[in-house]
Amino acid sequence: MLNCFTLILSALRTLRLSLAWGIAALVCGLATGVHAQVPGATVKTDQVRAELLAHAPQGIQAGQTFWLGLHIQHQPHWHTYWQNPGDSGLPTRLQWQLPTGLQAGEIAWPLPKKIPIGTLANYGYEGSVVLPVPVTVGPDFKAPVVGPVKIQLQAEWLVCRQECIPQEGRFELSLPAQGATALHGDLFAAAQKQSPQALAGAHQASVSTDGRTVTLSIEALPSGWRGQTLSLFPVTANVVNNAAVQGQTWTQSWQGARWTAQMPVSDERSESPTQMTWVIAAGPESAPRAPAVEVSTGVSGTWPALATASPSASVSPALAKALADNAKAPTPQSGSWGSLVLALLGAFVGGLLLNLMPCVFPVLAIKVLGFAQPGQGRAEHRAAGLAYTAGVVLSFLLLGGLLLGLRAAGEQLGWGFQLQSPAVVAGLALLFTLLGLNLAGVFEFGQMVPSRLAGWQSRHATVNAGLSGVLAVAVASPCTAPFMGTSLGLAIALPAWQALAVFVAMGLGMALPYLAASFWPAVALALPKPGAWMVVFRQAMAFPMFATVIWLLWVLGQQTGIDGASGLLAMLLCVAFGAWAWGLQGRARWVLSALAWAALAWLTVSVLPAALRETHSNSASSNEAAPRWQVWSEARAQSELAAGRPVFVDFTAAWCVTCQYNKKTTLADAGLLADFDARQVVLMRADWTRRDAAITQALTALGRSGVPVYVLYAPGRAPVLLSELPSVAEVQQALRGL
């Protein structure tokens, strides 16, 4: 029996080898976008239909220019953003892959509309819009001898209603090399009419003495506009008050052919430009009329000094203010030695506590089986402990390097971001289902791999220990244990070498229990002697695996709804049936296995992609207690604060075990809820289960990169950050400060 069990362990290590690197590939693959679709000309979501169009009435010839465009059709009440999104949001980004000789220009942005949101305002598009891009055909362009010209596009857009959903798609289009393409000429003609035309002439802009107003003076506007009320859209961002109301808080007047507008400067101005660009059109800002003009003006006068350093262009002024307020709190300065030591200590303790988190427990089972393996001496145990530590630390370094690389590339990410992808959640559920079936004895991996490979694995226990460290980190990273949130948030803002040191400390903390056990003989002596109990123990360890699968299915249900969870369950059923059939003998093994894998292939191709598509409905975890808990949005929170009401925000996610524990304990306490009501505190939940750029930016402004995060905002005061495991008394103490 023991020899048989040794072969089982060897086969289990073989699985760990392939699946550990498979998880790493899934995590790294997220850098290319978790919402990317199968390449085609059209991408559909529940909010928009996006299609890549072309207009080349004269064909693709050297010296000519033709047009490409992304046609976005919005569902009612949803919108995407202009080049200056206003107080929040992100403009649509287009990244082209074109044949040699073709050069894509910038988006010829159509005329937007103003979209008020509470006390804020955005600029964007509703209904149908085409974002046209001119493509110049250079003399080095060579048309393919056979076949069409292939156009590829990677597009990213943020679509919002009250909530915002970042989306992206990959598009491919084949154009004839010689013939004309003019099927969508009417759409491009309408887009060209909507695109503002540059207006020459003497234009001026000046800053008032107190710095609170920008006066714009324009001549040579179209004669048909004279005397009309015009709309004004600032292309230059982060300067004027976007929410100013046409004809009320910003005014305009005509003096003959000269049009003058006075626009209030934003209280949260983050730029002091010497040149500004504007788009002007006739009609109200909510429905401006084409044609429109674009003017560039020099800015005379002196801007007042900025109160704070300029924030990133992707962070709205309201978030920048939250960041500035938070900077007033007595927290250590980023990059100082004191803050680095605290970050290292918090990361080490957080990594140590990761061993107690539920999503890591299945890996503990595998490691205990390795410790219980007979025939190893102290030297082998020590080598295994060091190898496991090396695997954990190296994996944390790789994840840290990945995050820092994406930070340098402009991505907004947080710890545990891989569980925001339904595909990764489904992959982890498949992993733990296979591990559970194997531990339960349904099948043996030795039947699926060559005996030579299995034997090679069994003779390299040190390598296997290192790979188990890789697997441990892969499944542990979504569990942000207490003390880790602050350290990770600080690490992402630190210089690269300091940030990597924080990740190393986290890895050492996680690996410490195994390393100590490998060097402390008493731990090995305390283990029971090998015997029949090992088979029983192995089978019992299958149930934590299945419990983890249940949790992952629940997470997937929050992201995709019942269809996604049902599709994954059907897939897991086929996997379990196939694994069982593979263990049979004779003809039944091949017939039943073929049926199982055929059904699995059909589900994977036909059912699973649609089932795993994310829904835009709010997660139950974010709004279970409605109407007490509202769905968070930056605009809604700022509106409540402007009305004089304090706001308590719970940044949470379905895949965060600590979040769910706090929600069922501290945040459900009747006495605490009564205190919230007595002080008229508005309760909001920011659900980060799915990727959400607005929530990521809000966490970044607070100096955090993971959940849970609990913040109490009050009008005119700096945000109060609570601990990751807040007690009722801690929250009540914060409330007494209102």
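## Reading a predicted chain, feature by feature

Mentor: Let's start with the surface: the accessible surface of the chain comes to about 31500 Å², and 61% of that belongs to carbon and sulfur atoms. Keep in mind that this is a predicted model.

Trainee: Thanks! What is the mean pLDDT of the chain?

Mentor: pLDDT is the predictor's confidence in each residue, from 0 to 100. Here the mean is 74, and 71% of the residues reach 70 or more. Over residues 1-38 pLDDT stays under 50, and the model has 84 contacts beyond four places in sequence for them. Residues 307-336 also stay under 50, with 44 such contacts.

Trainee: And how many helices and strands does the chain have?

Mentor: The secondary structure comes to 22 helices and 24 strands. Of the 738 residues in the chain, 52% are buried. Contacts reach along the sequence too: among those between residues at least 6 apart, 77% join residues at least 24 apart.

Trainee: Which residues is leucine 102 in contact with, leaving aside its neighbours within four places in sequence?

Mentor: Leucine 102 is in contact with Ile60, Phe66, Val135, Thr136, Val137, Phe141, Val149 and Ile151.

Trainee: I'd like to look at tryptophan 96 next. Is tryptophan 96 buried or exposed?

Mentor: Tryptophan 96 lies in strand β5. Its relative accessibility is 18%, so it counts as buried, given that buried means under 20%. Not counting residues up to four places away in sequence, tryptophan 96 touches Leu52, Leu68, Ala104, Val133, Ile151, Gln152 and Leu153. The C-alpha atoms of tryptophan 96 and phenylalanine 171 are separated by 9.6 Å, although these residues are 75 apart along the chain.

Trainee: Now the rings. How many aromatic pairs does the structure hold?

Mentor: A pair of aromatic rings is described by the distance of the centres and the angle of the planes. This structure holds 9 aromatic pairs. One of them joins tryptophan 82 and phenylalanine 233, at 6.2 Å centre to centre with 70° between the planes, an edge-to-face arrangement.

Trainee: Which parts does the pair of tryptophan 82 and phenylalanine 233 tie together?

Mentor: Tryptophan 82 lies in strand β4 (residues 80-86) and phenylalanine 233 in strand β15 (residues 230-234), so the pair ties together parts 151 residues apart in sequence. Both ends are covered: tryptophan 82 is buried at a relative accessible area of 1%, and phenylalanine 233 is buried at 0%.

Trainee: How far apart are the ring centres of phenylalanine 543 and phenylalanine 546?

Mentor: Their centres are 6.4 Å apart and their planes stand at 85°, so this pair is edge-to-face. Phenylalanine 543 and phenylalanine 546 are 3 residues apart in helix α14 (residues 542-560), which means about one helical turn separates them. Phenylalanine 543 is exposed at 60% relative accessibility, while phenylalanine 546 is partly exposed at 28%.

Trainee: Which residues do ring pairs link into a cluster?

Mentor: Trp629, Phe648, Phe676 and Tyr710. A charge comes in here as well: the charged end of arginine 685 sits over the ring of tryptophan 629, 4.0 Å from its centre.

Trainee: Last, the backbone. Where is the cis peptide bond?

Mentor: The bond from alanine 290 to proline 291 is cis, with omega near 5°, and proline 291 lies in strand β19 (residues 289-300). Histidine 77 is not a glycine, yet has a positive phi of about 75°. Histidine 77 lies in the loop between β3 and β4 and is exposed at 63% relative accessibility. Glutamine 680 has a positive phi near 55°; this residue is in the loop between α20 (670-678) and β22 (682-687), and is exposed with a relative accessible area of 58%.

How values were computed:
Residues numbered from 1 in each chain as written. Predicted model: local features only at pLDDT ≥ 70, side-chain atom pairs only at ≥ 80, totals over all residues. Heavy atoms only, no water. Phe/Tyr/Trp six-rings, centres within 6.5 Å; stacked < 30°, edge-to-face > 60°. Helix = DSSP H or I, 4+ residues; strand = E, 2+ residues; numbered from the N terminus. Buried < 20%, exposed > 50% of the residue type's maximum accessible area, 1.4 Å probe, protein only. Lys NZ or Arg CZ within 6 Å of the ring centre and 35° of its normal. Contact = heavy atoms within 4.5 Å. Areas by Shrake-Rupley, 256 points an atom, 1.4 Å probe, with all protein chains shown as cover.
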